[in-house]
Amino acid sequence: MSEIRLYVTTNEKKAGQVLDLMTPVFEDEELPIATTEIDEKNDVWEASIYLYAADEDEVRGRFEALLKPTFADLVVQKEVLPDIDWIAKSLEGLKPVRAGRFLVHGSHDRDKVGSSDIAIEIEAGQAFGTGHHGTTAGCLETIEKVVASRRVRNALDLGTGSGVLAIAVRKLRNIPVLATDIDPIAVRVAKENVRSNGIASGVTLETAPGFHSTAFSRHGPFDLIIANILARPLIKMAPQLVAHLAPGGSVILSGILAEQRWKVLAAYNGAHLRHVRTIWRNGWVTIHLDRP
């Protein structure tokens, strides 16, 4: 069934306000909503809702009615999302990746899983994070160390992508995991991956742009927060991220180039976290910090 995106273009402040209006109306119907930065220099943002094309008239009418009292100047636009067989774009030809006890593999390499391995099966798709990137492998290694050495009662995977890190935490410990992403397509892919890895419950996946969503307050504070994103947004969100960290909790940050690590560390030291260790993988680093 074809899918579309209805959206308005505005600035960051108004996009956040539009999102706040949309949340109570559409969130309970499982219609993904999000804000996205389009042009940082000129402060251009989009606030979007994703839906099936057959529902366009009904949803568009409600969206426009929602905007009219406060944002009558904003015009609702439409993007038709391409139908792509992402399963066909499989991991064929990519070897399984080992990170500690974890083995991340495609379905074609199930026979490579050993009896002591913690297997995570991920096929190639739209969502970033198959384990073949240094940032994902670094996170997996650090997750194993943290969960083995500290009391972790709940976890947040911020910017979950394929869901591989949320799956890893849940396979290590029977604890609740909230996995969020700004991209609703990534959330759908992650849900499929969670199910295909035999996880029937315990992982909650939600579309959440930044920390605007109520999901974080509903499920937090968290003993473990994992954010495999990029250095710049990690720096920007440091105060908000730490605000959702439980006392004595741990943070795992990645998506950071080696030369960017000092700026990231400075931001989180400034938010009163302590550096524990840094893992290096192919020019990228994964940083583990904790709250004393």
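This is a predicted model: local features need pLDDT of at least 70, side-chain atom pairs count only at pLDDT 80 or more; totals for chains, interfaces and linings use all residues.
Reply: Start with the terms for elements: helices (H or I, at least four residues) and strands (E, at least two) are DSSP runs, numbered from the N terminus. Residues are numbered from 1 along each chain as its sequence is written, and side-chain values use heavy atoms, with hydrogens and water left out.

Me: How many helices and strands does the protein chain have?

Reply: Count the runs. The protein chain has nine helices and 14 strands.

Me: What is the radius of gyration of the protein chain, and what does the globule rule give?

Reply: The radius is taken over C-alpha atoms, and the rule is 2.2 Å times the number of residues to the power 0.38. For 292 residues the rule gives 19 Å, and the radius of gyration of the protein chain is 19 Å, so the chain is as compact as a globular protein of that length. Along its principal axes, the C-alpha trace spans about 55 × 45 × 35 Å.

Me: What share of the residues counts as buried?

Reply: Buried means under 20% relative accessible area, exposed over 50%, and partly exposed in between (1.4 Å probe, protein chains only). Of the 292 residues here, 52% are buried. Serine 213 counts as buried, at 10% relative accessibility.

Me: How do I read contacts along the chain?

Reply: Contact means heavy atoms within 4.5 Å. Take contacts between residues at least 6 apart in sequence: 66% of them join residues at least 24 apart.

Me: Which residues have the most contacts inside the largest nonpolar core?

Reply: The general idea comes before the case. In soluble globular proteins, nonpolar side chains tend to be buried together. A nonpolar core is a set of buried Ala, Val, Leu, Ile, Met, Phe, Trp, Tyr and Cys residues joined through side-chain atoms within 4.5 Å. The largest one here has 33 residues, and Ile120, Leu140, Ile143, Val169, Val203, Leu224 and Ile226 have the most contacts inside it. Elements giving two or more residues to this core include β7 (118-121), α3 (134-149), α4 (164-172) and β11 (222-228). With seven residues, α4 gives the most.

Me: What does leucine 224 touch?

Reply: Leave aside neighbours within four places in sequence. Leucine 224 then contacts residues including Val146, Val147, Val152, Val169 and Ile252. Another core lies apart from the largest one; this other core has 30 residues, among them Ile225, Ala227, Val251 and Val264.

Me: Where should I look for backbone features?

Reply: Aspartate 43 lies in the loop between β2 (33-39) and β3 (44-52). Its phi is near 55°, a positive value in a residue other than glycine. Histidine 272 lies in the loop between α9 (261-270) and β13 (274-281). Its phi is positive too, about 75°, although it is not a glycine.

Me: Which residues does a cis peptide bond join?

Reply: Glycine 220 and proline 221, with omega at about 0°. Proline 221 is in the loop between α6 and β11.

Me: Where is arginine 173, and what does it touch?

Reply: Arginine 173 is in the loop between α4 and β9. It touches Val147 and Ala148, not counting residues up to four places away in sequence. Arginine 173 is partly exposed, with a relative accessible area of 37%. Its C-alpha atom and that of arginine 153 are separated by 8.7 Å.
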